[in-house]
Amino acid sequence: MEAVCVALWRARSKKQERERLAALAGEASADAAVAMEAEAAQAEADAAQAEAGAAQADGAQQPGSTAPDAASTGTAVAEPLDVGDTERADESDITGRLDTTGAVDVDEAPPPPPAPPDLTAAAFFDVDNTMMVGASIFHFARGLASRKYFTASDLAGFAMQQLRFRVGGKEGNVDGIREQGLSFVAGATVEQLTEVGEDIYDELMADKIWAGTRALAQMHLDAGQRVWLVTATPVELAAIIARRLGLTGALGTVAESVDGVYTGRLVGDLLHGRAKAHAVRALAAREGLNLRRCTAYSDSQNDVPMLSVVGTAVAVNPDADLRDTARARGWEIRDFRTGRKAAKIGVPSVLGAGAVAGAVAGAVAHRRR
């Protein structure tokens with residue numbers, strides 16, 4: 001009996017420690033996300049101010065002169081073409097802009113004005129197998145291996161993890177593989193890894209974004225809501241993915257750094273399982289979100305804690321266990337692995353009839369972010 005009591009006490013203590021580390025990871029991730037969002041906003045403001053200053057200086061140097069516009073020259077000004085978005089566009093995206101001969105309809109109505117900010121609602125997207133095909137940390141590891149950050153043999157564990165994603169859509173031994181992956185960056189600087197991450201995204205990740213999931217994220221943005229990624233991938237890499245997709249920011253695993261250099265240790269634990277739920281709650285507290293008005297998306301049963309803390313949960317490309325859970329709880333299921341196109345999504349129930357009213361209410365109750 002004494003041995004049983006000791007075993008139960010140890011199990012309870014271990015569970016409490018895991019919960020403590022998960023909570024610490026969530027708090028650290030929320031802090032990092034808020035700080036990165038503030039830094040990005042400040043950088044954007046500084047760039048706009050510098051551009052305005054340069055324009056003012058040019059005007060002062062050339063009094064009375066103005067740059068020719070399209071109307072005065074009679075030439076059309078072409079907008080830059082985003083190849084990546086064009087490749088993933090559905091035919092229905094452009095059908096309304098062409099007549100039967102293929103000519104552009106110059107009389108089409110202008111796009112509707114952007115929705116007012118909806119400051120109390122947001123969306124949270126898992127990354128691996130939800131927003132992106134496969135595991136983002138594996139793609140990142142491939143890029144690091146090609147740059148000699150570690151050896152090809154070190155990549156073998158990541159390859160097995162990626163195989164699990166492609167075959168079964170399950171996350172497998174996340175704690176072992178991902179923590180090992182984070183240890184590889186020990187000694188590198190945060191600035192180094194951020195620069196490398198930008199290149200790796202272009203090389204190995206940009207063409208692996210699920211068009212359907214990306215369209216769901218855009219739907220929330222169009223409704224005036226903020227959108228965050230939530231992933232066990234290092235927060236710096238997650239932030240790059242979020243920025244490239246035009247999202248608000250990212251919650252990710254926080255790797256400890258001292259004076260801008262990674263130590264190879266984590267702050268708390270991996271942002272996985274219950275830690276994701278803690279991170280979403282912590283961010284909601286910092287940003288004034290009403291979690292009952294928020295939506296979360298994931299492919300994995302491991303993310304049920306995160307899906308359960310919001311008002312609307314959506315299973316995207318779900319594994320078998322999450323599909324069963326979603327059916328049992330009445331959660332929406334969306335599977336883009338069948339080839340259905342993003343443009344056929346429409347406006348599903350995840351926004352609901354109260355989206356516009358909520359957006360207006362959020363704008364009225366505006367607060368400084």
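Colleague: What volume does the second largest pocket have?

Modeller: The second largest pocket has a volume of about 610 Å³. A volume is the space filled by probe spheres set on grid points, which are joined across faces, edges and corners. Keep in mind that this is a predicted model: local features need pLDDT of at least 70, side-chain atom pairs count only at pLDDT 80 or more, and totals for chains, interfaces and linings use all residues. Residues are numbered from 1 along each chain as its sequence is written, and side-chain values use heavy atoms, with hydrogens and water left out.

Colleague: What makes a residue part of the lining of the second largest pocket, and which ones lie nearest its centre?

Modeller: A pocket is an open set of points on a 1 Å grid over the protein atoms alone, with protein on both sides within 12 Å along at least five of seven lines; lining residues have an atom within 4 Å of a point. For the second largest pocket that gives 21 residues, with M36, E37, A40, A239 and R243 nearest the centre. Two or more lining residues come from each of α1 (2-61), α10 (235-244) and β3 (249-253). Helix α1 contributes the most, nine residues. Helices (H or I, at least four residues) and strands (E, at least two) are DSSP runs numbered from the N terminus.

Colleague: How does that lining divide by residue class?

Modeller: Eleven are nonpolar, four polar and six charged. Here Ala, Val, Leu, Ile, Met, Phe, Trp, Tyr, Cys and Pro count as nonpolar, Asp, Glu, Lys and Arg as charged, and the others, Gly among them, as polar.

Colleague: What makes a space a cavity, and how many are there of 30 Å³ or more?

Modeller: In a cavity a 1.4 Å probe fits but cannot get out. The count comes to two cavities of 30 Å³ or more. The largest cavity has a volume of about 80 Å³. Its lining includes F140, V185, L193, P234, L237 and Y262. Helices α8 (190-205) and α10 each give two or more residues to this lining. By class, the lining of the largest cavity has eight nonpolar residues, two polar and one charged.

Colleague: Why is D31 called partly exposed?

Modeller: Buried means under 20% relative accessible area, exposed over 50%, and partly exposed in between (1.4 Å probe, protein chains only). D31 has 42% relative accessibility, so D31 counts as partly exposed. D31 is in helix α1. Its C-alpha atom is 9.1 Å from that of A279, 248 residues away along the chain.

Colleague: And which class does G268 fall into?

Modeller: G268 is at 21%, so G268 counts as partly exposed. G268 sits in the loop between β5 (261-266) and α11 (274-287). Neighbours within four places aside, G268 is in contact (heavy atoms within 4.5 Å) with L21, L24 and A25.

Colleague: How do you know that the buried residues of α13 line one face?

Modeller: In α13 (320-329), L322, T325 and A326 are buried. Seen down the axis of α13, they fall within an arc of 100 degrees, so they line one face of the helix. The arc is taken over the directions from the helix axis to the C-beta atoms. On the other side, R327 and A328 are exposed. The buried residues of α13 pack against β6 (295-298), α12 (304-308), β7 (312-316) and β8 (332-334). Just after α13, G330 takes a positive phi of about 75 degrees.

Colleague: What arrangement do the rings of F124 and W228 have, and why?

Modeller: Rings of Phe, Tyr and Trp (its six-membered ring) pair if their centres lie within 6.5 Å; planes under 30 degrees apart count as stacked, over 60 as edge-to-face and the rest as tilted. The count comes to two aromatic pairs. F124 and W228 have ring centres 5.9 Å apart and planes at 15 degrees, so the pair is stacked. F124 is in β1 (122-126) and W228 in β2 (226-234), 104 residues apart. Both are buried. F125 and Y297 are also a stacked pair, with 4.1 Å between centres and 5 degrees between planes. This pair links β1 to β6 across 172 residues.

Colleague: Why is F125 called buried?

Modeller: F125 has a relative accessible area of 0%, so F125 is buried. Y297 is buried too, at 0%.

Colleague: What share of the protein counts as buried?

Modeller: Of its 369 residues, 41%. The protein has 14 helices and eight strands. Of its contacts with a separation of 6 or more, 68% are between residues 24 or more positions apart.
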